[in-house]
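Please work through the exercises below with the sequence and the structure at hand, and try each task before reading its solution.

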Amino acid sequence: MASGFDPELLERFKRGDKEAFNELIFRHQRAIYSLAYRIIGDEKEAREITQQVFVNAYRGLLRFKEKSEVKTWLYRITINLCKNYFRSNPCKREVDLEDLNLSQTETPLSQLLKEEEKMRLKMMLDSLPEKQRITLILRIYQELSYKEIASIMKSAEGTVKANIFHGLKRLRSMLRNGD
Amino acid sequence: MKCKKARSLILELVMETIKEEDEKKLKFHLKNCPQCTKEWTTFRELIATLKSLPLPDPGAEFFKILPLRVKEEISNISLDKGWRTWIKGVFTNLRFLQPGEVVSVLVSLAVVAVLTGLLIFYPSYFLQERNLFFKTTTEDTLLQSSDSLTTLLEGVEESAVIEELSPQELQQLYNSLITSIKSESTKEELFEEKTEESFAFDYGHDLNDLSPDELKLLSQRLAKRYPVIPEKGV
């Protein structure tokens with residue numbers, strides 16, 4: 001993936017070069033799909049959201065003021081669309097921890113390497129509070145810095161750090177409960 | 001380093017955000033503390049496992065055609081939908097107006113409504129104003145012609161008072177007047193035609209065809225309209 005901040009691409013687009021927008025899509029589409037899938041957990045919906053992110057970006061790019069990087073701006077659009085998706089489909093967000101069958105879970109964590117165990121961990125991740133979950137995803141999968149995450153989530157870096165740590169401790173607590 | 005401090009730094013370590021100095025101290029602590037080492041191992045495996053969660057590949061074809069699909073969707077955005085969205089947005093934003101802004105908006109809407117109503121129900125008012133404008137313009141042009149006429153009349157030596165002009169001088173004056181009007185008022189065809197028609201209708205183009213009474217009437221009218229006449233002999 002290329003660097004998200006690309007003033008040259010943006011300048012070309014503002015001058016009417018439509019090819020610049022295609023380049024923008026090529027640069028960021030995989031990262032956007034990855035983020036959408038990690039949040040939504042559904043491949044088909046992630047594809048739809050990826051497409052919608054760029055449609056929304058096309059509409060708003062002329063008003064984009066370059067206060068943040070293009071990449072973080074696209075991530076913010078993605079997260080908002082995912083939130084809208086969960087609002088429209090509340091049942092998709094609900095994760096019944098009983099489905100995790102924790103009483104039968106056998107740790108240590110190394111056993112989670114099995115696909116089934118990985119799915120269980122994924123459900124644990126999905127069950128986290130929204131801010132903790134999205135912050136963890138941005139840090140672990142998108143490998144963004146605290147500063148970039150703070151920009152996307154519109155919060156302080158300290159809050160980002162707290163969300164990550166609370167999220168990790170919560171996951172570990174869920175795993176321990178299965179001991 | 002105490003365990004409490006170590007536990008907080010372990011999370012920094014697994015998230016790869018720890019400072020170099022803290023990392024050295026923590027690793028030294030971990031060598032001598034089995035409990036903290038277990039904690040570190042747990043979080044490290046947790047992160048590793050989270051990172052290993054599969055990401056379904058939508059296929060190269062999806063990424064290849066995505067720009068085309070986006071382009072297609074953008075082109076499908078109809079103008080009608082855009083306007084509806086825009087109007088909806090306006091009404092949505094109205095809810096967030098401050099009291100002062102509400103008054104400004106209402107006053108502006110009232111002014112626009114009154115002007116629109118006048119235009120629709122009293123179009124003659126605007127047309128009347130338009131005629132008044134033309135009338136004023138015509139009179140201005142006439143006064144300009146008057147100035148030019150004064151210059152022209154400087155060549156007429158016989159009389160300073162128009163009633164005292166001979167028929168020939170009156171004819172010369174009339175011809176000068178018509179020439180002057182034509183040259184000075186080409187942009188005001190209305191004035192030109194009206195004036196010339198008026199003279200032609202009332203007195204004819206040739207003053208020789210006019211009766212003495214008609215000549216007298218013409219001279220009176222000219223005197224009334226063009227009161228500034230150079231004195232005789234000037």
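This is a predicted model: local features need pLDDT of at least 70, side-chain atom pairs count only at pLDDT 80 or more; totals for chains, interfaces and linings use all residues.

**Exercise 1.** Describe the interface of chain A and chain B by its residues and its buried area.

*Solution.* Begin by counting residues: 42 residues of chain A are in contact with 30 residues of chain B. Then turn to the area, which comes to about 3700 Å² buried between the two chains, with 70% of it on carbon and sulfur atoms.

**Exercise 2.** How many salt bridges and how many polar contacts does the rule find across this interface, and which elements of chain A touch chain B?

*Solution.* The rule finds three salt bridges between chain A and chain B. For the pair B:E39 and A:R172, the closest N and O atoms are 2.1 Å apart, which is within the 4 Å cut-off for a salt bridge. Eleven residue pairs are in polar contact across the interface. On the side of chain A that touches chain B, the elements giving two or more residues are α2, α3, α6, α7 and α9, and the residues of this side divide into 20 nonpolar, seven polar and 15 charged.

**Exercise 3.** Is α7(A) mostly covered or mostly uncovered?

*Solution.* Of the eleven residues of α7(A), nine are buried, so that buried, meaning under 20% relative accessible area, describes most of this helix. Among the buried residues are A:R133, A:L138 and A:R139.

**Exercise 4.** Which residues touch the most other members of the largest nonpolar core?

*Solution.* This core has 77 residues, and those touching the most other members include A:F21, A:L74, A:L138 and B:M15. The largest share of the core, twelve residues, comes from α2(A).

Terms used. Residues are numbered from 1 along each chain as its sequence is written. Chains are lettered from A and ligands numbered from 1 in the order in which they are written. Side-chain values use heavy atoms; hydrogens and water are left out. Contact means heavy atoms within 4.5 Å. Buried area is the accessible area (1.4 Å probe) that two parts lose on being put together, summed over both. A salt bridge is a side-chain nitrogen of Lys or Arg within 4 Å of a carboxyl oxygen of Asp or Glu. A polar contact is a pair of N or O atoms within 3.5 Å; within protein, one must be able to donate a hydrogen and the other to accept it, and residues adjacent in sequence count only if both atoms are side-chain atoms. Helices (H or I, at least four residues) and strands (E, at least two) are DSSP runs, numbered from the N terminus. Ala, Val, Leu, Ile, Met, Phe, Trp, Tyr, Cys and Pro count as nonpolar, Asp, Glu, Lys and Arg as charged, and the others, Gly among them, as polar. Buried means under 20% relative accessible area, exposed over 50%, partly exposed in between (1.4 Å probe, protein chains only). A nonpolar core is a set of buried Ala, Val, Leu, Ile, Met, Phe, Trp, Tyr and Cys residues joined through side-chain atoms within 4.5 Å.
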